[in-house]
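Please work through each task before reading its solution.

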Amino acid sequence: MCGIIGYIGPKEAKDILLDALELLEYRGYDSAGIALNSGFENPIEVLKCAGRVSDLRKRCEGDKGKGNCGIGHTRWATHGGVCDENAHPHQFGNVTVVHNGIIENYKELMEHYHLAGDLTSQTDTEVAAAVLNHFYQGDPYAAIRKTVLKLKGTFALVIMFEDRPGTIYAVRNVSPIVATCCEEGCMLASDVTALCRFTNSYFVVPEFHVLEMNESGLKLYDMSGEEAIPQYMTVDWDVSRADKGGYPFYMEKEIMEQPDAIRRTIEGRIVNGIPDFSVDGVPDEIFTECERVIVVACGTAMHAGLVGQALIQSKLRMHVDVEYASEFMYADPVVDDKTLVIAISQSGETIDTLEALKYAKKQGARSLSIINVRGASIARESDYVLYTLAGPEIAVASTKAYTTQLAVLYLMVARMAYLRGTMSIEEIHEFVGELARVPKVMESVLSRRQDIHKFARAILNAKDAFMIGRGLDYSILLEGSLKLKEISYIHTEAYASGELKHGTIALITENTPVIAVVTQKKLHDKEMSNIREVKSRGASVTLFIKESYFSQEGEQDWSGIFTLPDMLDEFMVMPASVALQLLAYYVSMDKGLDVDKPRNLAKVVTVE
Ligand code: F6R
């Protein structure tokens, strides 16, 4: 969480920093700030405020903020409330700093260095600045080295020293920093989104290395002072794919992009009708030598894992656990060298997922990750990676990342079934053929999106809503409910509809909004009975149903009904997800909310 940027070069730093912060704002948007350095004659100037980057822009208008060297930050609050004082950059003595991560021992450090009376904010970051200042005797490297030895927790620290104008230093543990040196100057950032307007070439600053950037370029040193060579990589998306493309919100654009994102993700990974991961360098042994699978992931990515679990269990008859990454290691999980751990993450930076993966590897598991952002920390930590080719996902609510994660899981299940002989070649061809049909089916849902927009109006003013279904429909609804609550602020519960009568049905009263999904033949009758149970208690039901399961002669009193194009039952999650994403999107938009940046959230979650 938190977005960081640093720049030194021939241009005005203020403009570059503000533009970059706007691109990084999805990492956190509680406050924003920049610090600019215009040479020996002037002190470092800090401009910061609570609120969005647009508020900071206003504060920076006019003559303020000169210099061609500076650092910037957009915050997701962890320590201390959302106010100007807690916004970064923080200054202490000679030191100006921005930080992403959490300094867990900040209280001990405060006590040890007697800082209490000297701090002006409630942040852990200002404590880190004070410790740096304490150790700074004119040698930045020594100060940084001594400081990081004292810090516990995760950090990406970007530092300027008052008496070293035109130089930026950075160091990190876990929290990411990428950097580059190009025609426009030297830059560092929390992720490549902020750099790819200038170059497609960047490197990841290794953990516990010090990066120094100045007018003559950049240098990297390890903690013993040895120079290290940056390992440059190429970013595989162009920045035009990171703008809104004429849509009012990134989320709508990203929902609409899904058919192409799925095509990109599966293309090149099917050879003669059979999924094949040779292009990804993933060996077959990883799928044949494991006896069980554990999926670790958070939020939407975890919901993708639940679909993967259902598919692997039914097509491979293999045991699969899906775990919240944040809970995984604390439950003493059973992991051994016959376990394949699959980490799913859009950003590849979610710290809980990263830590769960490291834990499983330590117990001997082999690992595979499904990641969207190339070269991200989880990808680097995994034995093998299958990238989703969704392109940049900017809206906080995940859409195309989720459906491309599903696409990779479908491919993986079919490859495993092929290798382990649990599906015939004909069955695999049919399965893969159905996956290839997904983009067209999604397009058909998208073309009827205004019908879904109408249903959104019915739940606009609701305080609570229920989403009910069973089996795979329940998995779809867990995701649909997360989407609706995070961007519309309507309290929404996804419920396995057979469970309702064990308590929750008490909450169904006249006009309670209920959204039901019915796409699975084996569950159709039971799901319809459960829907009748809530209808007879006054619920106002919006139904998303597989076309061929909908009987026109049946009940008519739906609050809304949307038929989902027919696919094999195990693929119905694809059209249903798109429909539920659209529902959440229209509710949020019609409520006049900031769809792309819901309150309290951030796109990349790098705190535990
Ligand atoms: C919800 C959402 C989050 C993320 C979760 C994991 O729309 O986006 O629930 O899915 O924070 O993030 P990644 O996939 O980056 O690990």
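**Exercise 1.** Determine how many residues line the largest pocket and which of them lie nearest its centre.

*Solution.* In this predicted model, the lining of the largest pocket comprises 28 residues. Those nearest the centre are Cys-298, Gly-299, Thr-300, Lys-603 and Val-605. Next, consider the elements that give two or more residues to this lining: helix 9 (299–316), strand 20 (339–345), helix 11 (351–362), helix 13 (400–420) and helix 16 (472–488). Helix 9 contributes the most, namely three residues.

**Exercise 2.** State the space in the largest pocket and sort its lining by class.

*Solution.* The space in the largest pocket is about 610 Å³. Sorting its lining residues by class gives 13 nonpolar, 11 polar and four charged.

**Exercise 3.** Describe the second largest pocket by its space and its lining.

*Solution.* First, the second largest pocket holds about 420 Å³ of space. It is lined by 17 residues, and Ala-310, Ser-314, Leu-472, Gln-520 and Lys-522 are the closest to its centre. Secondly, helix 9 and helix 16 each provide at least two residues of this lining. Helix 9 gives the most, with seven residues. Finally, the classes of the lining are five nonpolar, six polar and six charged residues.

Note on methods
Residues numbered from 1 in each chain as written. Predicted model: local features only at pLDDT ≥ 70, side-chain atom pairs only at ≥ 80, totals over all residues. Heavy atoms only, no water. 1 Å grid on protein atoms, 1.4 Å probe; cavity = no way out; pocket = protein on both sides within 12 Å on 5 of 7 lines; lining within 4 Å. Points joined across faces, edges and corners; volume = space filled by probe spheres on them. Helix = DSSP H or I, 4+ residues; strand = E, 2+ residues; numbered from the N terminus. Nonpolar A, V, L, I, M, F, W, Y, C, P; charged D, E, K, R; others polar.
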